[in-house]
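Please have the viewer open.

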Amino acid sequence: MRVHPSVILLVAVLAVHGSYAFNIHSREKSDSVEEREILGRDTEPLDLDYVKGPISINPDDPGLGLSKVPETSSASHEEQFPVQSFNQHFGNIFGNGFLAAFPGLGFFDFPRYEPWWKGPNVCKTREEDIEAEDEKDGEAKETISDKEDSLIQAFHLNVETCAEKSNKYQCTKITNQAGKKRTYKITYKCCAGYARRRSAENPNGNCVKLDLAPIENTIEKLGGKEFMKSAKKGSVESEMDDMTVFAPVDESFTDFAEKMFENNLVVVPLNKRERRDTSSDENGVNTRDLVHAHMVKGIIDIEEIENEQVLVSEYNNSTIRLNIFPRPPGDREQEFPYQYTANCVPIVKPNQLASNGMVHMIKGVLMPPEKTVMDMLRERPDMAVFVTVLERTKLDEMLMDPSRHVTVFAPTDSAFEKLDPQLRKKLKEGRGCASNILKNHILDLTFCSSAVADDAKTSAYNLLSERIELEYTDEAPDTTENEIADMTNKRFIIINKKARMTETDLMATNGVIHIIDSMLPTESAQTISSVLENNNSTIMMKLLEQGNLRDYVDDSMNTTFFAPTDKAFEQSETGKYWLKKLEENPSELKNNLELKNFVDYHIMQPMVKTCDLVDGIAKTRSDREVRVNLYSTNFPFMNIMNRATVNCARLVHFDEDSCGSVVHQVDKVLEVPKNNLLQQLEATEKYSTFLRLVKEANLTSLLEDHTKSYTLLVPKDEHFKEVEEFLSEIESKEDQKEFLIKSHIIPEVMCCAGITQSQWPFVRSIPALSQAHLRLDRDRRPKIQNAGITKCDIIATNGIIHEINDLIAVQKQRPQQPQHDQNPFRHDFFF
């Protein structure tokens, strides 16, 4: 049955129209342009994890998720959305009065629900935006036919979405008709002077009138009297109309003032202390400036902000960076689902509306940041080594970029002193893994200490995409006697159970700094030699050390190192040669060119992990080539490659990261092939009979061809003597002789590592050059057809040789003659 295309198009449009829905509180990011336009600004929190459990959304919280939407009303076109979800999908099928006809049925008997945004004191705003397709810049235009143009002109697509927050309900409708896109937005919010408040009398949280006071009175009522004293002293309270004020609570403001007074940096009104004039303090900002640094023009609703949004304060255009973090598992029963910070100071009472502005109470004082992260690090005397390494690795450029937002866990000079002297020297020179080690200390986001939960592990990801875990500990860091008193009853944040934060939330214009007392180790910052040591590749490590090649290998970037196991050295002639050198004359290995070439043949460029390996030839650092082969052992899923070899050496332990490189451990020493297949036969006396038959079959040029790769299955001369009678029979039959030799040639590289056990009905086979299919199996040794492989993987420049213990026994198939079937129904039903 065929379906008209217009019917398919109609069904597709209905499916899109009916199924398009999303939750604005989803933590997943949308890449769709239209979805980003619907969502507006990025109001989602920083994506952090808490080990205790995922952050769930409470369906009973009125400020989260999609609310129940009332039935549609017969209003104007703009008010025809949002509509009740069930009725939107099925109303046209059942009819408007269908559900009402069954009031006794429990399935359809829904209780009456009146959302707050349909209640009293709600103000509604409408926005409309029209955008023609030809107005979009930078988009390629395609020539379309008149028929296609008429179809486009008739095409009409509607997308409707609704989302609710605690303070507003917004619906967006996007229509695309004839290439013209229209976006309608309807927003429901409590009118000015009203807000949502839940109570026994108002369980639905309808908008109720607020008893609003001026900003001054609001701040004092909320516990910010000390801050307002400073504002009045600086005559700033009269400037607070139409402002958003981030007001410190009394306890935080007083603590800050006392510390600043003791350090003679800034003088503000103090509790129970001698007060001094602050009009012209040269050692810091004065009281008036400090208050201005907490003020922003306009009304800033905390639920409308973006993560990493930067506000400009009234003090010298200094900035206030706003961040959003998920609440920890035990702190979900709050008015707001997320926790907010301003310059990493927690906002403890957000969205406190005043008659002439907005107040956010904060648990700290905002000191205006004036320098970038890098500038602040350079000014600290205890960051000399860290700054040096940043400059050597060029990471200082990122930390100076004013458009970035970064977090730096900065180790002190004392932290570097704890490292191995050799590693410390390399770091100072910017060598080895210096870049990776430092990237392990940097996040590409603003991470404030308040994001760390009290009773759970908090995780984030650094520039290496590696997870770091932070948690509180009662163990104090290493301190001097003079510092012990300051550490009493103080809790510290520990990172990866290795480093403690000794100073937190040092705010810069492009991020934040946390001072730590130890370096953060990372596996990706290991050197290649460290990876070899950790994986017990002791013989290769000894060769590197004796040959003075350890630094040479460790400084390698963007490389792949194939490291033979210790057993591999003991099983090959090349491996035994180097073992003998290590035992008898280790001093001769220093700066030995032959050893360097041997090591270079095990280093491939660029860095390739197993998931990116492909069949083919790859160049090594020695300019010699290695052959990479991929095999599947998951029969019958032969397209899933799960085994890799290089020069037929199997990768037995792989994808060990080092800084800028990767290490794969192999079960054979990689040997450079010296001969092609024909030369290898000529160089091996026990293959003389097979070589004679190759020449008689005129196949020598085939085995010399460097553009192809073959696998030769070569019986020794003694096995040919067992079938002398058969060889005599085919001596004059050139076609049978050619068929015999071609049955011992496979037109691809089949290493022994790629041959696994197979049992009926899952029998694996591979075609020979004669078109005969040879069965692959493995028992005590690999088997091909009837012959066991007694010596595997003799490497040549254009393939490999397997020595086998018998001639391959296959019969030459006769070409099939076409058969005329007399049954007229056979081809209709059997195929």
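What follows covers the model, a sheet and its salt bridges.

## About the model

This is a predicted model, in which local features need pLDDT of at least 70, side-chain atom pairs count only at pLDDT 80 or more, and totals for chains, interfaces and linings use all residues. Residues are numbered from 1 along each chain as its sequence is written, and side-chain values use heavy atoms, with hydrogens and water left out.

## A seven-stranded sheet

Helices (H or I, at least four residues) and strands (E, at least two) are DSSP runs, numbered from the N terminus; two strands pair if DSSP finds at least two bridges between them. Seven strands make an open sheet with mixed pairing, in the order β30-β29-β35-β34-β33-β32-β31. Its edges are β30 (745-746) and β31 (764-767), each pairing on one side only.

Within this sheet, β33 (residues 782-784) and β34 (residues 787-796) pair in the antiparallel sense over two bridges. K783 sits opposite G788 in β34.

## Salt bridges

A salt bridge here is a side-chain nitrogen of Lys or Arg within 4 Å of a carboxyl oxygen of Asp or Glu. The count by this rule is 35. One of them joins K168 and E304, with the closest N and O atoms 3.1 Å apart. K168 lies in β4 (residues 168-177) and E304 in the loop between β9 (295-297) and β10 (309-312), so the pair ties together parts 136 residues apart in sequence. Both K168 and E304 are buried (under 20% relative accessible area; exposed is over 50%, partly exposed in between, with a 1.4 Å probe and protein chains only).

E379 and K371 also meet in a salt bridge, at 3.6 Å from N to O. E379 is exposed at 53% relative accessible area, while K371 is partly exposed at 31%.
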